[in-house]
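Subject: Structure for you to look at

Hello,

I am passing on the structure below. My notes on it follow; please read them next to the sequence.

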Amino acid sequence: MNSPVSEEPGRVVVRLAGEVDLEHAPGVRRLLLDCVGRGKDMLVDLSRVDYIDSSGIASLIEALQATKARGTGFGLVAVSAQAMRVLELARLDRVFAIHADLAAACRSGT
Amino acid sequence: MRARPDGGGRVAPATGAASEAMLFDLHFPARADRLKLARAGVMAAARMCGFAEPAARDIVLAVDEACQNVIRHAYGDEAAGDMALTLVRRGGSLVVRLRDFAPTVDRTTIAPRPLGRIVPGGLGTHFIRAIMDRVAYLEPPDGCGNLLEMAKVIPKQENASDELTG
């Protein structure tokens, strides 16, 4: 699991990679909540996530709720097939703003 | 982690059950950092049974979530214990048995959260039930711990090979 973070004007982009599982979800949760604290819109790139489970999804939900509480935006970008399947199973594909790529997310204003 | 490819599973099939073909039997510490190993085994076993990759990945998720429930809820704050994961092929199904040695869990408290409530947590049980065709808690042979059995029917086309039938 590695998770580079880049800041752009008005938004922070977190790129998750590898396996977001019970072992790594606590670190991902801390990272996402830290990024929420920067007070910018947030995009999470899931294109290189090979595996995500309920604990990883819980971290994304917590970050989504934290951004809502702060009045900032939250979106998922380039969701991998495995991650999309898990989001669909949880019916969260209708809850998260999901963008094909970073450019599409930027166009949408997230 | 100890693999037991000899078919010496800790949980024997119920008397009168269809014959089983052992795929693998792992006994490992109930720790988050061991789940990757279990997932690799489940993926290989599911593919060996003939499940297409998307279905195999679903099964991996269901088994992983069941293992997580053992770690987080059965053992909880107690000193980590062990669990035993057994996969067999039985009567056209892939059958997964997960045994732990924690205090017996009150099964009435095990329920997925309503999906309409967007809150962190509570999704694992939903995933298990959505993916697997049959999910049941069985009585452990010696009355100790918890025993979850899940089964996934191997689709006809994928079930064509009788290589693994017992």
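α2(B) and α3(B) are oblique to each other, a class for angles that are not under 35 degrees (roughly parallel), over 145 (roughly antiparallel) or 65 to 115 (roughly perpendicular). They pack at an angle of about 140°, with their axes 9 Å apart. Axes here are lines fitted to C-alpha atoms, for helices over the stretch in contact, and angles run from 0 to 180 degrees between N-to-C directions. The crossing of α2(B) past α3(B) is left-handed; that word applies if the near helix is turned anticlockwise from the far one by less than a right angle, and right-handed applies if clockwise.

From α2(B), the residues in this contact are B:Asp58, B:Ile59, B:Leu61, B:Ala62, B:Glu65, B:Ala66, B:Gln68 and B:Asn69, and from α3(B) they are B:Gly124, B:Phe127, B:Ile128 and B:Ile131. Two residues are in contact if their C-beta atoms, placed from the backbone, lie within 7 Å. By class, the contact has 7 nonpolar, 3 polar and 2 charged residues. Nonpolar covers Ala, Val, Leu, Ile, Met, Phe, Trp, Tyr, Cys and Pro, charged covers Asp, Glu, Lys and Arg, and the others, Gly among them, are polar.

The model is predicted: local features need pLDDT of at least 70, side-chain atom pairs count only at pLDDT 80 or more, and totals for chains, interfaces and linings use all residues. Residues are numbered from 1 along each chain as its sequence is written, while chains are lettered from A and ligands numbered from 1 in the order in which they are written.

The model scores ipTM 0.92 and pTM 0.87. Chain B has a mean pLDDT of 84, and 80% of its residues reach 70 or more; pLDDT is the predictor's confidence in each residue, from 0 to 100. Over residues 4–9 of chain B, pLDDT stays under 50, and the model has 8 contacts beyond four places in sequence for them.

Chain B has 3 helices and 6 strands, in the order β-β-α-α-β-β-α-β-β from the N terminus. Helices (H or I, at least four residues) and strands (E, at least two) are DSSP runs, numbered from the N terminus. Of the 166 residues of chain B, 36% count as buried. Buried means that 20 or more other C-beta atoms lie within 10 Å of a residue's own, exposed 12 or fewer, and partly exposed in between, with C-beta atoms placed from the backbone.

One buried residue is B:Leu98, with 22 other C-beta atoms within 10 Å. B:Leu98 is in strand β4 (residues 93–100) of chain B. Apart from neighbours within four places in sequence, B:Leu98 is in contact with B:Ala66, B:Cys67, B:Val70, B:Met83, B:Leu85 and B:Leu148.

Between the chains, 20 residues of chain B are in contact with 17 residues of chain A. On the side of chain B that touches chain A, α1 (35–49), α2 (53–75) and α3 (124–131) of chain B each give two or more residues. The largest share, 6 residues, comes from α2(B). That side has 11 nonpolar, 4 polar and 5 charged residues.

In chain A, the axes of helix α1 (residues 25–36) and helix α2 (residues 54–70) come within 9 Å and cross at roughly 15°. That makes α1(A) roughly parallel to α2(A). Their crossing is right-handed.

Regards
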